[in-house]
Amino acid sequence: MRQFRYDNEEPDYSRLSGVGGWLLFLILRLVLSAVSSGWGIFEAVKAGRWVFAGLYVVTLLLAGLTVVLIFLRKKQLRWAYYAFAAASLLDYFLAQDASAFIACMAVEAGWILYLILSVRVKLLTGEMKPPED
């Protein structure tokens with residue numbers, strides 16, 4: 001039976017090492033965004049919308065860079081994701097209606113909070129060391 005961790009209990013640091021948990025969902029989100037941006041580049045060039053093609057190229061590159069930085073365990077992954085989120089928000093601002101932009105803003109804010117607060121991310125990037133037993 002699953003036991004719940006309370007604020008006064010230490011997390012099991014051995015289960016938080018490496019890429020896993022919600023970080024896998026973030027990687028999946030970035031990979032799917034890269035695929036979507038690749039398709040967006042094709043469609044934007046076909047339609048002659050060069051601003052969107054450029055924006056999709058930037059989004060594709062930032063998504064790929066963020067995934068690489070996650071696997072390299074670099075602290076710069078947060079900054080790469082912030083830039084990716086800004087590019088995504090700009091895309092939604094230019095191409096979608098206000099409700100889609102607000103939804104995208106909520107999703108990006110959630111992932112940014114995760115990257116800032118996650119013990120797994122802090123352990124992955126070396127900002128936090130697990131306590132010695």
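Entry 1: I began with Phe 93, which at 55% relative accessibility counts as exposed, where exposed means over 50% relative accessible area, buried means under 20% and partly exposed lies in between, with a 1.4 Å probe and protein chains only. I noted for myself that this is a predicted model, in which local features need pLDDT of at least 70, side-chain atom pairs count only at pLDDT 80 or more, and totals for chains, interfaces and linings use all residues. I also noted that residues are numbered from 1 along each chain as its sequence is written, and that side-chain values use heavy atoms, with hydrogens and water left out.

I then looked up Phe 101, which at 21% relative accessibility counts as partly exposed.

**Entry 2: aromatic pairs.** I searched the whole structure and found 7 aromatic pairs, taking rings of Phe, Tyr and Trp (its six-membered ring) as paired if their centres lie within 6.5 Å, and calling planes under 30 degrees apart stacked, over 60 edge-to-face and the rest tilted. One of them joins Tyr 81 and Phe 84, whose ring centres are 5.5 Å apart and whose planes meet at 45°, so this pair is tilted. Both residues lie in helix α3 (residues 77–95), 3 residues apart, about one turn of the helix; helices here are DSSP runs (H or I, at least four residues), numbered from the N terminus. Tyr 81 is buried at a relative accessible area of 0%, and Phe 84 is buried at 0% as well. Phe 93 and Phe 101 form an edge-to-face pair, with 5.7 Å from centre to centre and 70° between the planes.

**Entry 3: helix α3.** I checked the span of α3, which has 19 residues and reaches 27 Å from its first C-alpha to its last, close to the 27 Å expected at 1.5 Å a residue; the expected span is 1.5 Å times one less than the number of residues. Which residues of α3 are buried? The list includes Leu 77, Arg 78, Ala 80, Tyr 81, Phe 84 and Asp 91. What covers the buried residues of α3 includes α1, α2 (50–72), α4 (98–117) and α5 (119–125).

**Entry 4: helix α1.** I found Ser 37 in helix α1 (residues 22–47), and it is buried, with a relative accessible area of 5%. Leaving aside neighbours within four places in sequence, Ser 37 is in contact (heavy atoms within 4.5 Å) with Tyr 56, Thr 59 and Leu 60. Leu 32 is also found in helix α1, but at 52% relative accessibility Leu 32 counts as exposed.

How values were computed
Helices (H or I, at least four residues) and strands (E, at least two) are DSSP runs, numbered from the N terminus.
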